[in-house]
Amino acid sequence: MSEAVARSRVMGLSSGFRVLVVDDDPDMSEFLAHMLRAEGMDATTATDGEEGIAKVHAEAPDLVLLDVMMPGLSGFEVCARLKSDEATAMVPIVLVTALDDSASRVRGIEAGADDFLSKPVRREELVARVKTLRRLHETRRELERRRLATEVENREAIRRAFSRYISPRLAERILEDDGADGELFSRRAQRVEVVALFADLRGFTSITERTEVVEVVAMLNEYFSILTDAAYHHDATIFNMAGDSLLVGFNVPFPQEDAAKRSYLTAEEMVSRFAPVATRWEQRYGVATGVGVGICMGEAILANVGSPHYTSYTIIGNPVNTAARLMQTAPANEVLMCRSVYDKISDLVPSNRVEPRGEVTLRGKEEPIAIYAARVVVPD
Amino acid sequence: MTQSGYTVTVAKDLADLIPSFMSNRRKELETLRTALAASDFEELRRLGHRMKGAGSSYGFDLVSTIGKTIEDAAKASDAATIGSNLDTYEDYLAKVEIVYE
């Protein structure tokens, strides 16, 4: 769509109806323009086909009155050209033909003309035809406006729904991809490589036992705000929030080559950004709190799980279970990782802050796995 | 309008356009004469067709009638008919009275 056309679509709602008259006879074009102006419309003229086409592009009129018999490009050729160009195809064209020329009407229909006007022109006929097309044009524009409004509304609804799970940046990308084959959030379960990160709040239970309910909710909101901010900062997808624990995933729904690094940086940010809050809470309640994190990667199932009444977009499988177990054993300010994660992020942590915890057999697991603990340095 | 008295009634709001319309007709007559002298029937046909479209639109029915006759005669390369119609046209342009209503 040309800029002029786009502009007219915007301005057209408030401005008058604009008609371009194309006729090689200045007496005819002036006559027609005069009649249209008398009806309160804007009219401009062009004296041949080439000028007519140029003016349709430049001025984006709401209607074209087009003479058939012109030297150079005939009205049929001009009509066919305008109708085959995506930028101008929607502009209605009235072909002005001699009264006794039925062959011209057939050719005009073939060229895509929207209506015909007989020459000599009867004023009443001109006004009636143009007014009909104007109404049609305005109805079409109103329908188009409503369709666009609905589309915008739908996109906003999708954005709001997605933003509960994923970062605004990812939501935007999903809308751009229009669902990437519609499979991103499809009901069909997918087996995917994920990095699962579980975080929870150490020491919080003893605070809840001695604090007012309202205050507990406000505290949890503050804590989860920090954690979800950190998650979104590194484009994680949030899968679950329960009690004081949070499950986020990487490499889903979009592949992230640096998923492991993103997960570690997220963990570090969660721990360090929560530290000042922990200090404040300790002064107030006398209890030490802090975020503990478990990260593991591997194959998992990504699916919408639930019943017709309640579904949850979630990841299921060993890396998720393992991350949960690691989180349970991680003390405040510590990130526990399985080896596969550590191998990919080792350059992010100074070796004096990492401690191999050997092979640990986790509760409910048969095979022992190598575990690494990274201590996050928090500001005092 | 009557063909004998050459009186044409034109809508008042078209008054501004009439001087230019009449001046174009007089130029047109010259062009028609030149074309006829050169036996340029294609140009005569084109001009006749144009007169046919413009004339009655403005209320000058005889211009359309003469235009159609010239157009048809030009297709048949009938110089005599065109010649006599140009004389009528010249007479008409000299005598026509315009009433605005």
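Mentor: Helices and strands here are DSSP runs, numbered from the N terminus. With that in hand, chain A has 12 helices and 13 strands. Keep in mind that this is a predicted model.

Trainee: Thanks! How many helices and strands does chain B have, and in what order do they run?

Mentor: Chain B has four helices and two strands. Starting at the N terminus, the order is β-α-α-α-α-β.

Trainee: Let's turn to sheets. How do strands of a sheet pair?

Mentor: They pair through backbone hydrogen bonds, either parallel or antiparallel. In chain A, five strands make an open sheet in the order 2-1-3-4-5, with parallel pairing. Strand 2 (42-46) and strand 5 (115-119) of chain A stand at the edges, each with a single partner strand, so one side of each is left without a neighbour in the sheet. From one strand to the next, the twist averages 20°.

Trainee: Which residue stands opposite Val96(A)?

Mentor: That is Leu117(A), in strand 5 of chain A. Strand 4 (residues 93-98) of chain A pairs with strand 5 of chain A in the parallel sense, over five bridges.

Trainee: Which residues have the most contacts inside the largest nonpolar core?

Mentor: That core has 58 residues, and those with the most contacts inside it are Val19(A), Leu32(A), Val64(A), Leu65(A), Leu66(A), Cys79(A) and Ile93(A). Not counting residues up to four places away in sequence, Ile93(A) touches Val64(A), Leu66(A), Cys79(A), Leu82(A), Ala113(A) and Asp114(A).

Trainee: How should I read the side chains along a strand?

Mentor: In a regular strand they alternate between the two faces of the sheet. Look at strand 11 (residues 334-338) of chain A: Glu334(A), Leu336(A) and Cys338(A) point one way, while Val335(A) and Met337(A) point the other way.

Trainee: Is strand 11 of chain A largely enclosed or open, and why?

Mentor: Five of the five residues of strand 11 of chain A are buried, so this strand is largely enclosed by the rest of the structure.

Trainee: Which strands pair with strand 11 of chain A, and in what sense?

Mentor: Strand 9 (residues 290-306) of chain A pairs with strand 11 of chain A in the parallel sense over three bridges, and Ile295(A) stands opposite Met337(A). Strand 13 (residues 369-375) of chain A pairs with strand 11 of chain A in the antiparallel sense over five bridges, where Glu334(A) stands opposite Arg375(A).

Trainee: Now helices. What describes two packed helices?

Mentor: The angle between their axes and the distance between the axes. In chain B, the axes of helix 1 (residues 18-37) and helix 4 (residues 79-95) come within 11 Å and cross at roughly 160°. Angles over 145 degrees count as roughly antiparallel, and helix 1 and helix 4 of chain B are therefore roughly antiparallel to each other. Their crossing is left-handed. Residues making the contact include Leu29(B) and Leu32(B) of helix 1 of chain B and Ile82(B) and Leu86(B) of helix 4 of chain B.

Trainee: At what angle do helix 2 and helix 3 of chain B cross?

Mentor: The axes of helix 2 (residues 41-58) and helix 3 (residues 61-75) of chain B cross at roughly 155° and come within 7 Å. Helix 2 and helix 3 of chain B are therefore roughly antiparallel too, and their crossing is left-handed.

Notes
Residues numbered from 1 in each chain as written. Chains lettered and ligands numbered in written order. Predicted model: local features only at pLDDT ≥ 70, side-chain atom pairs only at ≥ 80, totals over all residues. Pairing = 2+ DSSP bridges. Axes fitted to C-alpha atoms, helices over the stretch in contact; angles between N-to-C directions. Core = buried A, V, L, I, M, F, W, Y, C linked by C-beta atoms within 7 Å. Buried ≥ 20, exposed ≤ 12 C-beta atoms within 10 Å, placed from the backbone. Contact = placed C-beta atoms within 7 Å. Parallel < 35°, antiparallel > 145°, perpendicular 65-115°, else oblique. Left-handed = near helix turned anticlockwise from the far one by under 90°.
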